[in-house]
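This report looks at one helix position and at a group of aromatic rings. Please keep the structure open while reading.

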Amino acid sequence: MTLPRTCPCCRPSKPRRGGRFDVARLSLEVRRHRRLAIHRSLRTVAVDANVSAATLSRIERGHAPDIETYFRLCEWMGMSADYFRLHP
């Protein structure tokens, strides 16, 4: 019996570590900052952070952003990019 194949976007997402930064911590901080922006929708926050709403949603679910998006989110949150850096 063969198991059905699923595409990566259909698999349950788990917070994971990216190559250079802690994706789980980034995801947590993005969600926390969005909650602090009372009465702000995901789309409004995405515009403020200069990223797409779909990208912001994926990051909140624990997916790693590209490096440009990573720096945009750090700037939007007013946090240093080093805060999320993984230490060897």
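T69 sits in helix 4, which spans residues 67-77. The model is predicted. T69 has a relative accessibility of 7%, so this residue counts as buried, the cut-off being under 20%. Beyond its neighbours within four places in sequence, T69 contacts V51, T55 and I59.

Now the aromatic rings. The count of aromatic pairs is four. One of them joins Y70 and F84: the planes stand at 75° with the centres 6.3 Å apart, so the pair is edge-to-face. Y70 belongs to helix 4, while F84 lies in the segment after helix 4, so their pairing ties together parts 14 residues apart in sequence. Y70 and F84 are both buried. F84 also forms an edge-to-face pair with Y83.

The two pairs are set out here.

| Pair | Centre to centre | Angle between planes | Class |
|---|---|---|---|
| Y70 and F84 | 6.3 Å | 75° | edge-to-face |
| Y83 and F84 | 5.0 Å | 85° | edge-to-face |

Is F84 buried or exposed? F84 is buried, because its relative accessibility is 1%. Y83 has a relative accessible area of 39%, so this residue is partly exposed.

Which residues make up the aromatic cluster? F21, Y70, F71, Y83 and F84 form one cluster. A charged side chain comes in at Y83: R25 lies over the face of that ring, 4.7 Å from the ring centre.

Terms used:
Residues numbered from 1 in each chain as written. Predicted model: local features only at pLDDT ≥ 70, side-chain atom pairs only at ≥ 80, totals over all residues. Heavy atoms only, no water. Helix = DSSP H or I, 4+ residues; strand = E, 2+ residues; numbered from the N terminus. Buried < 20%, exposed > 50% of the residue type's maximum accessible area, 1.4 Å probe, protein only. Contact = heavy atoms within 4.5 Å. Phe/Tyr/Trp six-rings, centres within 6.5 Å; stacked < 30°, edge-to-face > 60°. Lys NZ or Arg CZ within 6 Å of the ring centre and 35° of its normal.
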